[in-house]
Amino acid sequence: MTNEQVERLAKVTRINARIVVAQAEIAGMVAENMQRQQLGHSMAYTEDDFLIAIGKHHINDREVANYLRLTP
């Protein structure tokens with residue numbers, strides 16, 4: 001593998017790790033909302049909260065595309 005390929009693979013691996021962490025966080029948020037719904041309570045998390053979870057892990061399409069760009 002070339003250095004560029006190794007660097008790209010390392011970046012993809014870091015992005016995958018961010019995605020896994022965000023998925024776990026979001027799954028917890030969904031579970032909490034489902035539990036509250038069954039109890040007749042208002043939702044703990046709104047759409048904005050889910051978007052914030054994605055944003056704080058820097059996994060939206062624009063940030064990922066920028067991160068994967070290799071510097072010359």
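Student: Is Ala10 buried, exposed or partly exposed?

Tutor: The general idea is a set of cut-offs: buried means under 20% relative accessible area, exposed over 50%, and partly exposed in between (1.4 Å probe, protein chains only). Ala10 has a relative accessible area of 28%, so this residue is partly exposed. Ala10 lies in helix H1; helices (H or I, at least four residues) and strands (E, at least two) are DSSP runs, numbered from the N terminus.

Student: What conventions apply to the model?

Tutor: This is a predicted model, in which local features need pLDDT of at least 70 and side-chain atom pairs count only at pLDDT 80 or more, while totals for chains, interfaces and linings use all residues. Residues are numbered from 1 along each chain as its sequence is written, and side-chain values use heavy atoms, with hydrogens and water left out.

Student: What separates the C-alpha atoms of Ala10 and Ile52?

Tutor: These C-alpha atoms are separated by 25 Å, and the two residues are 42 residues apart along the chain. For Asp48 and Gln23, 25 residues apart along the chain, the C-alpha separation is 16 Å. Asp48 belongs to helix H2 and counts as exposed, at 52% relative accessibility.

Student: How many salt bridges does a search of the whole structure find?

Tutor: Side chains of opposite charge can pair when their charged atoms come close. The criterion for a salt bridge is a side-chain nitrogen of Lys or Arg within 4 Å of a carboxyl oxygen of Asp or Glu. The search of the whole structure finds two. In one of them, Lys11 pairs with Glu7, the closest N and O atoms being 3.8 Å apart. Both residues lie in helix H1 (residues 3–38), four residues apart, about one turn of the helix. Lys11 is buried, at 10% relative accessible area, whereas Glu7 is partly exposed at 33%.

Student: Which residue forms a salt bridge with Lys56?

Tutor: The partner of Lys56 is Glu25, with the closest N and O atoms 3.1 Å apart. This pair links distant parts of the chain: Lys56 is in helix H2 (residues 47–56) and Glu25 in helix H1, 31 residues apart. Lys56 is partly exposed, with a relative accessible area of 49%, and Glu25 is likewise partly exposed, at 26%.

Student: At what angle do H1 and H2 pack?

Tutor: Axes are lines fitted to C-alpha atoms, for helices over the stretch in contact, and angles run from 0 to 180 degrees between N-to-C directions. H1 and H2 pack at about 165°, with their axes 10 Å apart.

Student: Which residues make the nonpolar surface patch?

Tutor: Patches are made of residues with over 30% relative accessible area and no salt bridge; like charges are joined within 9 Å, and nonpolar side chains (Val, Leu, Ile, Met, Phe, Trp, Tyr) within 5 Å. Accessible areas come from the Shrake-Rupley method with a 1.4 Å probe, and for residues only the protein chains shown count as cover. Met1, Val6 and Leu9 make a nonpolar patch of about 330 Å². Met1 is found in the segment before H1 and is exposed, with a relative accessible area of 73%.

Student: What is the phi value of His58?

Tutor: Phi of His58 is near 55°, a positive value in a residue other than glycine. His58 sits in the loop between H2 and helix H3 (61–68) and is partly exposed, at 37% relative accessibility.
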